[in-house]
Amino acid sequence: QISMSISVQNMFNGPVYDLQWLLTKAERELQRAMSSHFDFTMDAANFSVTIAHAADWAFALKPAKFSSFQKIGDVIQWVQSQCFQAALFFDISNEFKHADRSRPSATTAQLLLKFETVAAGFNVASRADGKRIFTSDSKGRTWIFTPVIKCQDGSEHLFKDCADEALRWWKSVI
């Protein structure tokens, strides 16, 4: 039996592991988040961490639009000024990783999973837009879960719309 060990640094230091790889990882986490209300918060947290860490990868790998930044804080500030939706995920990621509950977030108040039930036979096609999660119960009712990001100012934004826009924006700058 042959065994080989490599460091994590060496593992993720190869040519395959670039910002495109990271965004593909985020897309898969978003797909998982939008497929199950049971695992939504876990997968949404994982998506948030991955998309927020695109700033770290951009700072380290220095694609053209990021080549002049000298500090990671400058990258984060620039992202926040350029894409509101991407900035939301910094906030969600930081709360998930660090849980600094003594100081409220300046931007994001809550990640909500709103729900409603509809009777058996109700046509849900008008709501089947990829922004909601559907499940049925043993009584034939359909449960419709709508993930929402609520900001401190009271505004609410569909999680999927924010995630899609953050991904689109990151792809446009790498």
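Visitor: Which residue forms a salt bridge with Lys-131?

Guide: This is a predicted model, where local features need pLDDT of at least 70, side-chain atom pairs count only at pLDDT 80 or more, and totals for chains, interfaces and linings use all residues. Residues are numbered from 1 along each chain as its sequence is written, and side-chain values use heavy atoms, without hydrogens and water. A salt bridge puts a side-chain nitrogen of Lys or Arg within 4 Å of a carboxyl oxygen of Asp or Glu. Here the closest N and O atoms are 3.0 Å apart, and the partner of Lys-131 is Asp-161.

Visitor: Where does Asp-161 lie?

Guide: The pair links distant parts of the chain, 30 residues apart. Lys-131 sits in the loop between E1 and E2. Helices (H or I, at least four residues) and strands (E, at least two) are DSSP runs, numbered from the N terminus. Asp-161 is in helix H7.

Visitor: Is Glu-29 buried or exposed?

Guide: Glu-29 pairs with Lys-25 in a salt bridge, closest N and O atoms 2.6 Å apart. Buried means under 20% relative accessible area, exposed over 50%, partly exposed in between (1.4 Å probe, protein chains only). Lys-25, at 31%, is partly exposed. Glu-29 has 5% relative accessibility, so it counts as buried.
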